[in-house]
Amino acid sequence: MQHPLLEICDLRVVFEDSSPPVVAVDNIRFSIAPGESLGLVGESGSGKSITALSIMRLLDFENGSIQKSGRMLFLESAGKQSDLMQLKKDEMRRIRGKRIAMIFQEPMHALNPVMRCGDQITEALKLHKSLDDGAAKKAALELLQKVQIQDVNRAFISYPFQLSGGQKQRILIAIALAGNPELLIADEPTTALDVHVQKAILDLLKDLRQEFGMSMLFISHDLGVVSAVCDRILVMKNGKIVEAGPAKSLFEDAQHPYTRGLAACRPKLEERLNRLPELKDFLPDASGNMPSPEEVRSRIGAASAWSKTDDAPLLQLEQGSVWFESPRKHLFSRKGEVVKAVHDVDLQVFPGETIGLVGASGSGKTTLGRTLVGLLPLNSGKLSFRGQTISDLDAASWQSLRKDLQMVFQDPYSSLNPRKSIGEAIREPLQVHQLVDGKQAQRDRVVELLELVGLEADHYHRHPHAFSGGQRQRICIARALTLEPDFLICDESVSALDVSIQAQVLNLLKDLQDKLHFSCIFISHDLAVVNFIADRILVMDQGKIVEQGVAGELYKNPQSEITRRLVEASRL
Amino acid sequence: MGSYVLRRILIFIPVLIVISMITFWLSEKAPGDRVQDRCGEGLSRSEYNRCARLYGLDQASFYFSIQPKAYPDSLYRFVRPNRIDRIKSYCRQTGDWDAVEQWEQNLWNFNEALSALPDSIDRQLGIDIRAVYTNLQLTRDLKRVKQELSQLKAYADTLGITAFSTKVGALTAASEPLFSVRNSRAMYIPRFVWHGVDNRYHRWFSSFIRLDFGVSLKDSQPVSRKLGHALYWTLLLNGFSFFLAFLIAIPVGVRAALKVGGRFDRISSSLFFMLYSLPRFWIATILVVFFTTSYYGDWMDIFASIGMGSVPDDASWMEAFRIRAGHFVLPVICQTYGLLAYISRQMRGGMLETIRKDYIRTARAKGLPENKVIWKHALRNALFPMITIFGAVLPAAIAGSVIIEVIFSIPGMGLLMFEAVFANDWPVLFAGLMLGALLTLLGVLLADLMYAWADPAVRFAGGTKSKGHGGN
């Protein structure tokens, strides 16, 4: 019988330090054939990353007591399997990096900041292939070419901070390829990247896998991404594998409600539903029948298209520009270089509508968003709110306006004060603006808000660390809505979330908007997300609005290059 | 980068000027007679004045002064602290400078009347009369002045020398306005008086920037040479001590971080913290007592107890090393042991933080052996807090340790400054403090530059750290 490259039998990982002990991986069993590309899908906390780290035996370096059991049989040479679990440290080191390599989720932090990228690649080459300096450099440059970095020589001598996220991920892939591994484990390699970069990296991985004849274990929370690169997919939930199957059939005809949910919850350009399907929509009904994706879709219904209103615009920006000055170059130079982050932008937001603002990183969309709520001053142009000019107001007048203009930020982890209970965090704006009198009344209002965003009243006294990313973003939304703003800016508010959680938060935002009728600007790099949530879409590039259109229409006939790229990226 | 360094160095100028003013002001406020500090005690009046003029001590102390309206413009001309104090006091009480001036002049010149007294007078009476004169000079109480004057008059009557009685009469007459005038409001009206560039601060500071630090008042040696010697020994001692401290503490901190709560971690931290909590003066004294005498057995007389030893000119370098080492070991131990806990703790913390970083996981996933992961990848990143510590201890290395240098009689900065304070050796003090300030500023700059050098993100962004902005 032909042995698989890697065979996992009854792998179980328990973190014993937490009480009660957490079973992160619960008796899973799967195998990867030589040359096969296997996908592992699941939400955060489902145990997929722990599985990958177990295979690499990188869990050995974690503190705390971790109980591991089961077998991980790796095909060392034809007919000879060895159990990775039982290998000694230095035996494992001959496999790690050389035969099984891994790339990680956060390319931003995964490279040593004080070492040149080239040295980080040659280090691996010297280790695995015993090359001398010159040969290693040559091999590293070849690898850089293979991972399709534009200026190979520049990348070789660059420090990580000089490269973009996508480029860093390419460097990491080059490092992983240095030992000619038979198995490449890719743990959410594109999650932290912009969608159009994501597509490029996925294409690269696909090509390299073929070229090197590697097997790949691809881990992601996004079923769409996984099915784009994998032959076979495992779906993981709470440490268990709940479904497995070939990529195509799994995506179209999943048996487990969880898998169906994962497959359906990602917004699609072609289909604009009223709400996004969530995992809970696929739970079997009382008679045990599981709704099919079509049933769910028809139950939800299509979203209505945007229609022009005659109302006066709530917020209007005319010829708005914002520029940043870089630091002075020389001691006696007058001024640094001026970078126009926002360049002559005209924008109107009507009451109750949502505007989607899309663009790549650095296109100026965040700057524009901050300017609209007065967090950054306009350098030229006019900003008016309810017909009244507000761009020339002083700080004190802004203070009173602030309650009508609120913002939800990208990172739900760092935008909540870890020392404050979430109830107090939500109550604070009420106190500052004295909208509700009396502590008890304020608390009642906070509880009301918590329930509005789908949390519970007894969460009031908990601190942020007790919540998951999705819950935290709900808290941030509740905090932004405390003051019943007329205008809300969501800056990449769902980008850091798993697709399934993203669907829940997007639905929540939509429900809240139906209920509270605020206007919204939704900033994202993902056209599909914006296409779902927004009524109108503005595409931004290099500080300018290059294209605009109605959601559900814009993608059909993109006029500008950047829009075309965004459309392509969301199709994966 | 170059312009950044230049900008930082230009900032030194105002900082040093302000420091020089504070130092100078403190020396002004310190008790004592500057003329006596310079030329010794027991000077005659003319010697005193000559000395004052020679060293510019009869000039104003600063470019300007802000003082009560009741005070005279050029109070500084009276030089003697006692006189100035007396004049101020009477001005405060009467608010009338003219009256005070008249009295002061008469009182001052009365000295001549005293010296004109013939030797033949009754000895006790002579002593009594001089005592009255001294009292008149020392008192600040106008009632007492009145009493003393009547006493003096009584003595003059007893003496019966007409010329002296006339002088006493004149003195009494000059005192009259003091008792009648009351203009205390003048005390509360401030007045700005401009003294011009003929002032002592200007004189001192301008020679200072010409690198002329003057001579020590104690032994008339050039201050620059004294400071040079002291700085040499201090830097040698502290440089060696700190180097040793970092050399020991960094590996210990790293090892402790690798197994937090392990045996090595527990033992090393408790040992270092125990050392940390032992006072240095005590340890130094104990070491001197036990290891520099043969009192507890001949074999314990290992090290020299005092100074840095003297090396004969014809000694080989081995011989020289042996002599110096004998003097160095104990002070180095004292300077080092207290730092160990602090440095190793910081290193442990930095390492713990670094080791959790994603790039360490990347390095391990590469298959690197663990010691390479730690010493090549983690260490450089974990060393950043060390630079901060280095910047913090550098000024201490320059200032020297008074305790250690006094106990071991090491002729370093600490001991030099310590002795200068007690000897009122102002030129040494000024120059020492200014040098300390300058070197401290340079030390902080050096630490910042090391930071920039160690962090490529700073090095390549032209001196200012570029923050990743963009938010998406």
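These are legends for a set of close-up views of a predicted two-chain model.

**View 1. Helix α5 of chain B, end to end.** At the start of the helix, a side-chain oxygen of B:D96 comes to within 3.0 Å of the backbone nitrogen of B:D98. Which residues of α5(B) are buried? They are B:A99, B:V100, B:W103, B:E104, B:L107, B:W108, B:F110, B:A113 and B:L114. As a reminder, an α-helix has 3.6 residues a turn, so residues three or four places apart point the same way.

**View 2. The disulfide of chain B.** Over all chains the structure holds one disulfide, and it joins B:C39 to B:C51 with an S to S distance of 1.9 Å. The two cysteines are 12 residues apart and link distant parts of the chain: B:C39 belongs to helix α2 (residues 34–39) of chain B, while B:C51 belongs to helix α3 of chain B. The link is right-handed, with 80 degrees about the S-S bond. Are the two ends buried or partly exposed? B:C39 has 31% relative accessibility, so it counts as partly exposed. B:C51 has 5%, so it counts as buried.

View 3. A:C490 has a relative accessible area of 0%, so it is buried. Over in chain B, B:C91 also has 0% relative accessibility and therefore counts as buried.

**View 4. Helix α6 of chain A.** This helix takes in residues 165–177. Its 13 residues at 1.5 Å a residue should span 18 Å, and the end C-alpha atoms are 18 Å apart, so expectation and model agree. How many of its residues are buried? The count is 13 of 13, so to speak a helix that is mostly covered.

**View 5. Where chain B meets chain A.** At this interface, 29 residues of chain B are in contact with 39 residues of chain A. The area buried between the two chains is about 3200 Å², with carbon and sulfur atoms giving 58% of it. On the polar side, the rule finds 11 residue pairs in polar contact across the interface, both residues at pLDDT 80 or more. Four helices of chain B, α1 (2–29), α14 (358–365), α15 (370–382) and α20 (456–459), each supply at least two residues of the side that touches chain A. Which of them gives the largest share of that side? That would be α14(B), with six residues. The count of salt bridges between the chains is two. One of them pairs B:K376 with A:E123, whose closest N and O atoms are 3.1 Å apart.

**View 6. A:A254 in its loop.** A:A254 is found in the loop between α9 (247–252) and α10 (257–264) of chain A. Its relative accessible area is 3%, so A:A254 is buried. What is A:A254 in contact with, leaving aside neighbours within four places in sequence? The partners are A:E243, A:S249, A:T259, A:R260 and A:M290. For a sense of scale, A:L204 is 50 residues from A:A254 in sequence and 28 Å from it in space, C-alpha to C-alpha.

**View 7. Two residues with positive phi.** Most residues other than glycine have a negative phi. Even so, phi of A:S130 is near 50 degrees, and phi of B:V79 is near 55 degrees. A:S130 has its place in the loop between α3 (117–129) and α4 (133–146) of chain A. With a relative accessible area of 63%, A:S130 is exposed. B:V79 lies in the loop between β1 (64–68) and α4 of chain B. At 16% relative accessible area, B:V79 is buried.

Methods: Residues numbered from 1 in each chain as written. Chains lettered and ligands numbered in written order. Predicted model: local features only at pLDDT ≥ 70, side-chain atom pairs only at ≥ 80, totals over all residues. Heavy atoms only, no water. Buried < 20%, exposed > 50% of the residue type's maximum accessible area, 1.4 Å probe, protein only. Polar contact = N/O pair within 3.5 Å; in protein donor to acceptor, adjacent residues only side chain to side chain. Disulfide = S-S within 2.5 Å. Expected span 1.5 Å × (residues − 1). Contact = heavy atoms within 4.5 Å. Buried area = accessible area lost by both parts, 1.4 Å probe. Salt bridge = Lys/Arg side-chain N within 4 Å of Asp/Glu carboxyl O.
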